[in-house]
Amino acid sequence: MPQSPTDQWKLSDAASYDSLANQYGTHMDRLAAPAVDYLCALARLVPGQTILDVGCGPGIATQEVARRIAPGGQALGVDLSAGMVDAAAIRAQQTGLQNAEFQVMDAEALDFPDQSFD
């Protein structure tokens, strides 16, 4: 089945981040930290929850969420950019996070059963 112009644009946009993923994460850590802290506080995260981060990029928020919902919690980050997902997985592995996972997935076509996440 041929792709729609919208699908073509989304895939092209996602691919444009692939080669920038490592540098993006390096520079965004410092800039995103206050926003991530604020969002985590608003979410009232507690250990044991299962949380989905849609459009996770290099996993900055997903990793902080994973730390806050441990022990027993699971954080899943999804992004359409394979480069961003790879960078996020490597960063989580380097920091020893065992409860953060990352997948390539379109935010407009999430493939999870209803009520899979808190």
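**Reading pockets, salt bridges and backbone in a predicted model**

Modeller: Start with a pocket lining. H1 gives five residues to the lining of the second largest pocket, the most of any element. Keep in mind that this is a predicted model.

Biologist: Take Asp13. Where is it found, and is it buried, partly exposed or exposed?

Modeller: Aspartate 13 is found in helix H1. Its relative accessible area is 30%, so it is partly exposed. The cut-offs matter here, because buried means under 20% and exposed over 50%.

Biologist: Now the largest pocket. What is its volume?

Modeller: The largest pocket has a volume of about 390 Å³. Its lining counts 20 residues, with Val36, Leu39, Asp53, Ile60 and Ala61 closest to the centre. Helix H2 (21-43), strand S1 (50-54) and H3 are the elements that each give two or more residues to this lining.

Biologist: Which element gives the largest share of the lining of the largest pocket?

Modeller: H2 does, with eight residues. By type, the lining of the largest pocket divides into 16 nonpolar, two polar and two charged residues.

Biologist: Which residues are linked in a network of salt bridges?

Modeller: Asp7, Lys10, Asp106 and Glu108. Look at aspartate 7 and lysine 10. Their closest N and O atoms are 3.8 Å apart. Both residues lie in helix H1 (residues 5-18), three residues apart, about one turn of the helix. Aspartate 7 is partly exposed at 32% relative accessibility. Lysine 10 counts as buried, at 13%.

Biologist: How far apart are the closest N and O atoms of lysine 10 and glutamate 108?

Modeller: They are 2.6 Å apart, and the pair forms a salt bridge. Lysine 10 lies in helix H1 and glutamate 108 in the segment after strand S3 (100-104), so this pair ties together parts that are 98 residues apart in sequence. Glutamate 108 is exposed, at 63% relative accessibility.

Biologist: And glutamate 64 with arginine 68: how far apart are the closest N and O atoms?

Modeller: They are 2.7 Å apart in this salt bridge. The two residues are four apart in helix H3 (residues 60-69), so about one helical turn separates them. Glutamate 64 is buried, with a relative accessible area of 18%. Arginine 68 is partly exposed, at 30%.

Biologist: What should I look for in the backbone?

Modeller: Look for exceptions. Most residues other than glycine have a negative phi, and most peptide bonds are trans. In this model, the bond from alanine 70 to proline 71 is cis, with omega near -5 degrees. Proline 71 sits in the loop between H3 and strand S2 (74-79).

Biologist: What is the phi of arginine 44, and what is that of glutamine 115?

Modeller: Arginine 44 has a phi near 50 degrees, a positive value in a residue other than glycine. It lies in the loop between H2 and S1 and is exposed, with a relative accessible area of 69%. For glutamine 115, phi is near 60 degrees, again positive. Glutamine 115 lies in the segment after S3 and is exposed, at 82% relative accessibility.

Biologist: One last residue. Where is glutamine 49 placed, and which residues does it touch?

Modeller: Glutamine 49 is in the loop between H2 and S1. It counts as buried, at 16% relative accessibility. Its side chain reaches the backbone nitrogen of valine 46 at 2.9 Å. Leaving aside residues up to four places away in sequence, glutamine 49 touches Arg44, Ile69, Gly73, Gln74 and Asp118.

Key
Residues are numbered from 1 along each chain as its sequence is written. This is a predicted model: local features need pLDDT of at least 70, side-chain atom pairs count only at pLDDT 80 or more; totals for chains, interfaces and linings use all residues. Side-chain values use heavy atoms; hydrogens and water are left out. A salt bridge is a side-chain nitrogen of Lys or Arg within 4 Å of a carboxyl oxygen of Asp or Glu. Buried means under 20% relative accessible area, exposed over 50%, partly exposed in between (1.4 Å probe, protein chains only). On a 1 Å grid over the protein atoms alone, a cavity is a set of points where a 1.4 Å probe fits but cannot get out, and a pocket is an open set with protein on both sides within 12 Å along at least five of seven lines; lining residues have an atom within 4 Å of a point. Grid points are joined across faces, edges and corners, and a volume is the space filled by probe spheres set on the points. Ala, Val, Leu, Ile, Met, Phe, Trp, Tyr, Cys and Pro count as nonpolar, Asp, Glu, Lys and Arg as charged, and the others, Gly among them, as polar. A polar contact is a pair of N or O atoms within 3.5 Å; within protein, one must be able to donate a hydrogen and the other to accept it, and residues adjacent in sequence count only if both atoms are side-chain atoms. Contact means heavy atoms within 4.5 Å.
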